[in-house]
Amino acid sequence: MQKKIIIFSAPSGSGKTTIVHAILERMKNLSFSISATTRAKRANEEHARDYYFLSVEDFRNKIAENAFVEWEEVYENQMYGSLHSELERIWKQGKTVVFDIDVKGGVNLKRMFGSDALAVFIQAPSIEELKKRLQNRSTETPESLKKRVDKAEEELTYAPQFDKIIINDDLQTAIAEVEKAIIDFIA
């Protein structure tokens with residue numbers, strides 16, 4: 001069994017996580033790599049299901065232990081990382097690892113895994129649409145919204161470094177495009 005990975009990255013509000021959940025429901029030969037993070041847990045999230053929620057100190061200790069395949073400090077003291085133990089857990093099940101990670105982490109993983117990685121960049125049809133989606137979440141303050149939109153504009157510059165760019169204009173179409181790309185990659 002080849003140890004392949006599929007990387008999903010996107011600016012906030014692109015619909016990446018919705019697409020990843022749909023793909024995981026449809027394709028049972030894939031398994032989600034749970035990332036570690038220092039950010040606060042949202043109301044609907046669970047530790048060890050959505051993320052491993054760690055303190056900044058615990059996260060820094062894991063960095064020192066070389067426990068991460070990759071990690072990134074996205075905002076000050078807000079870190080995300082992919083644990084070596086997650087890849088091994090999934091590969092032992094005979095499945096392909098699915099990452100839902102930030103753009104820089106996605107680029108780093110693609111660089112590390114080369115042809116054993118399919119890197120998929122999901123983007124909203126426009127910055128205006130992305131801003132509207134973030135506002136509709138009702139989780140953003142005006143300051144955090146501006147920070148996310150500014151970051152999204154920068155993250156869009158990384159899209160050409162991904163194998164596939166999927167414009168999430170219509171959710172079902174985007175899911176179908178992603179599913180086809182994965183089937184072609186795993187075959």
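Tutor: The largest pocket is lined by 37 residues, and those nearest its centre are Lys16, Thr17, Arg42, Tyr51 and Arg137. A pocket here is an open set of points on a 1 Å grid over the protein atoms alone, where a 1.4 Å probe fits, with protein on both sides within 12 Å along at least five of seven lines; lining residues have an atom within 4 Å of a point. This is a predicted model, in which local features need pLDDT of at least 70 and side-chain atom pairs count only at pLDDT 80 or more, while totals for chains, interfaces and linings use all residues. Residues are numbered from 1 along each chain as its sequence is written, and side-chain values use heavy atoms, with hydrogens and water left out.

The volume of the largest pocket is about 1000 Å³, a volume being the space filled by probe spheres set on the grid points, which are joined across faces, edges and corners. At least two lining residues come from each of α1, β5 (68–75), β6 (78–83), α5 (127–137) and α6 (142–155); helices (H or I, at least four residues) and strands (E, at least two) are DSSP runs, numbered from the N terminus. With six residues, α1 gives the most to this lining. By kind, the lining comprises ten nonpolar, 13 polar and 14 charged residues, where Ala, Val, Leu, Ile, Met, Phe, Trp, Tyr, Cys and Pro count as nonpolar, Asp, Glu, Lys and Arg as charged, and the others, Gly among them, as polar.

The second largest pocket holds about 230 Å³ of space. It is lined by 13 residues, and Arg42, Gln78, Glu140, Ser144 and Arg148 are the closest to its centre. Both β6 and α6 give two or more residues to this lining, and the largest share, three residues, is that of α6. Its residues divide into three nonpolar, four polar and six charged.

Tyr51, named above for the largest pocket, is also touched by serine 35, as are Tyr52, Gly81, Ser82, Asp100 and Ile101, leaving out residues up to four places away in sequence; contact means heavy atoms within 4.5 Å. Serine 35 belongs to strand β3 (residues 35–37). At 3% relative accessibility, serine 35 counts as buried, a term for under 20% relative accessible area (1.4 Å probe, protein chains only).

Key: Buried < 20%, exposed > 50% of the residue type's maximum accessible area, 1.4 Å probe, protein only.
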